[in-house]
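Hi,

Here is the structure I promised to pass on. Please open it first, then read my notes below.

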Amino acid sequence: MGSVTVADTIRETTRDHLERNDGLLLGQSVTAVGWVNGTVPDCRNIIELPMTDVAGAGIAVGAALVGRRPIFVIRFQDFLVLNGSPLIYFAAKTKALHGKSAPVFVRAIASDGLGPVHSGVLHGIFMHFPGFRVCSPMTPWEYRRIWEDFMSHDDPMIVSEHRASFPNTEELEDRVAGDAVITIYPVSATRFEAVKAADVLAAEGIRCNVVHVLWLKPLVIDERMAGPLCRSGSGLVVDAGHETAGASQAIAYALTRATGIPVAAMGLADETKCLCPPLQNRIPDAGRIAGAVREMLRCASPEGLAHG
Amino acid sequence: MIPAQGSGMRSASLGVIPDIALSFTTEHSLEMFRRMCVSRYFDLGLVESVKDRRVTYPVYLSLGQESVAAAISTVVPGHMVFTQHRCHATYLSFGGRPEKLRDELLGLPTGTSGGRAGSNCIQCHEGRVTMFGHHGLIGENVPQAVGAALGSGRPVVCFFGDGAAEEDYVFAAMGFAATHKLPVFFVCEDNNLSILTPIEKRRSWSITDVVRALGIPAVDITDDPWTIAHHAREQANSLPAFLNIYVCRKNWHVGVGSDGPPEWDRFALVKERLRERGLAERSGSLEDETRQAMEKLWAP
Ligand SMILES: Cc1ncc(C[n+]2csc(CCOP(=O)(O)OP(=O)(O)O)c2C)c(N)n1
Ligand SMILES: [Mg+2]
């Protein structure tokens with residue numbers, strides 16, 4: 001177990017970029033009150049944006065056009081609906097249209113339980129548009145990995161972060177077992193919950209694979225992704241965003257197409273996230289994931305119940 | 001129908017400084033006129049090609065508005081350029097090659113973006129010209145221009161229309177440029193129209209007042225090229241700055257049709273000025289040469 005958290009990793013990777021690469025970081029109110037949960041370093045090349053969400057994203061894109069590889073910090077992913085137009089219509093299109101790239105590193109930070117417009121996970125929307133790389137790193141190593149990826153490509157990247165991962169020091173390894181009866185593909189902060197769900201189910205005698213999804217786009221269905229599904233015979237994608245037309249459904253469809261095995265999708269209910277329980281519509285937790293697995297197995301085969 | 005009388009102070013003479021043309025060399029005056037001719041005869045050739053159905057993609061003509069880019073490009077030739085959708089004159093005046101623009105409009109791989117982008121999305125990255133292409137989201141180029149100035153420290157000139165001026169992100173970006181004292185020269189080509197809706201139906205305020213309130217020097221002038229170049233010279237060294245320039249769009253928003261004669265004909269007025277300065281013959285032959293070159297360029 002390491003002692004470096006995801007937040008430390010983000011902060012130090014950023015510091016290196018700003019100090020050594022003459023990179024740029026832009027965001028609103030990033031240099032006060034905890035410096036975005038300890039993820040923003042105190043160093044040069046940081047620009048405090050006024051509350052101009054659309055223009056702010058456009059300014060970041062302009063800085064990308066002249067080679068600064070800006071990090072654009074979005075405190076709550078919900079705001080991406082405002083920040084989106086310069087990213088979607090310019091940054092993500094300029095390479096295909098003009099052969100000129102606009103690599104912006106978009107730190108889209110998600111949370112849960114903070115009410116209707118501070119708890120959203122919108123990475124599914126960005127999978128929809130051509131021209132982005134989209135990922136959701138939850139561990140220190142993954143963060144370093146996706147940063148290297150950003151620096152070695154010239155595409156804008158949507159990095160779907162989650163506050164639940166910031167204190168994390170652990171890597172999340174895939175769990176694959178020969179006798180597993182289902183493969184779970186968790187995304188974002190549901191990955192921590194899926195691991196717990198797999199433990200609960202194992203104690204009941206239901207063996208699950210857990211194959212972690214870091215990259216949402218490009219979504220590569222390779223042996224690591226497809227092999228466990230083919231062997232276990234069923235699959236469930238779990239996401240922290242809304243299920244309807246969201247990342248979970250898109251990934252489930254891609255897995256099904258690639259393997260012929262039906263894969264279910266689980267995300268948030270099609271309801272507004274309210275501030276207080278029971279209406280928070282929180283991301284799927286271990287209990288819900290385990291419940292969904294039990295239900296899938298029960299429906300799939302009458303004998304499946306015997307496991308429980 | 002294009003309204004006979006535009007908003008507020010619109011006129012063919014607003015802000016024209018008497019005898020300002022005399023402070024420009026003959027060569028400078030003729031070069032501005034030559035650039036106007038290039039844009040004008042390029043677009044006139046394009047009109048014929050659209051009528052002949054050789055160009056079938058949408059086109060955004062600069063006709064009537066040529067003097068803005070023609071004048072400004074002579075004063076700030078080295079600035080990075082961020083264009084709007086109506087950008088043929090900008091591209092040609094800053095030194096883009098006409099044949100590459102033609103090929104882009106024809107959708108050919110030899111076009112400015114390999115034929116993939118079209119009339120409203122023209123870019124140029126050749127020689128000393130750095131001009132970024134617009135994508136179709138009106139006003140998007142303004143925050144990008146500001147970001148490019150922030151990121152590079154290099155001066156930028158950014159063109160947009162009176163409609164774009166209404167986008168919230170446009171004046172938010174100008175405010176950011178004011179805060180950080182960024183070297184951006186903002187130029188509004190104010191043809192009084194957003195598609196075909198005049199300003200007085202859209203808003204009660206003036207963009208020049210708004211920009212001034214942001215702390216950026218701002219003036220309203222008409223599209224006399226000497227007056228434009230004069231202000232550009234004055235402002236170019238103390239950016240950010242803003243020029244709102246009244247122009248008359250000769251054709252439809254998109255396409256080659258027309259709704260009647262424009263409020264004034266700047267091209268004719270400039271020729272008149274040149275004649276007064278005894279330059280009728282030289283400007284006449286420049287115009288003939290350019291017309292012939294553009295006719296050749298568009299010849300089937
Ligand atoms: C963000 C956005 N809103 C609306 C449109 C539709 N639209 C295209 S051009 C235009 C008018 C633009 O007017 P102006 O900026 O004055 O430029 P002009 O065409 O007059 O040169 C509108 C409303 C668009 N393309 N983008
Ligand atoms: Mg207009």
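By class, how many residues in the shell around ligand 1 are nonpolar, polar and charged? Six are nonpolar, eight are polar and four are charged. Keep in mind that this is a predicted model.

**Ligand 1**

In total, 18 residues surround ligand 1. The closest are B:His85, B:Arg86, B:Gly163, B:Asn191 and B:Leu193. Two of these side chains are worth a look. An N or O atom in the side chain of B:His85 is 2.8 Å from an oxygen atom of ligand 1. For the side chain of B:Arg86, the distance from such an atom to an oxygen atom of ligand 1 is 2.7 Å. The backbone takes part as well: a polar backbone atom of B:Ile138 is 3.1 Å from a nitrogen atom of ligand 1. Taken alone, ligand 1 exposes 580 Å², and the protein buries 77% of that.

**The largest pocket**

Now turn to the largest pocket. Its volume is about 390 Å³. It is lined by 21 residues. Closest to its centre are A:His212, A:Val213, A:Leu214, A:Trp215 and A:Arg224. By class, the lining has 10 charged, nine nonpolar and two polar residues.

Where does the lining of the largest pocket come from in chain A? Domain 1 (6-165) and domain 2 (182-307) of chain A each give at least three residues. Helix H7 (140-152) and helix H9 (223-232) of chain A each supply at least two. The largest share, four residues, comes from H7(A).

Best wishes

Terms used: Residues are numbered from 1 along each chain as its sequence is written. Chains are lettered from A and ligands numbered from 1 in the order in which they are written. This is a predicted model: local features need pLDDT of at least 70, side-chain atom pairs count only at pLDDT 80 or more; totals for chains, interfaces and linings use all residues. Side-chain values use heavy atoms; hydrogens and water are left out. A residue is near a molecule or strand if one of its heavy atoms lies within 4 Å of it. A polar contact is a pair of N or O atoms within 3.5 Å; within protein, one must be able to donate a hydrogen and the other to accept it, and residues adjacent in sequence count only if both atoms are side-chain atoms. Accessible areas come from the Shrake-Rupley method with a 1.4 Å probe; for residues, only the protein chains shown count as cover. Ala, Val, Leu, Ile, Met, Phe, Trp, Tyr, Cys and Pro count as nonpolar, Asp, Glu, Lys and Arg as charged, and the others, Gly among them, as polar. On a 1 Å grid over the protein atoms alone, a cavity is a set of points where a 1.4 Å probe fits but cannot get out, and a pocket is an open set with protein on both sides within 12 Å along at least five of seven lines; lining residues have an atom within 4 Å of a point. Grid points are joined across faces, edges and corners, and a volume is the space filled by probe spheres set on the points. Domain bounds come from an automatic or database domain assignment.
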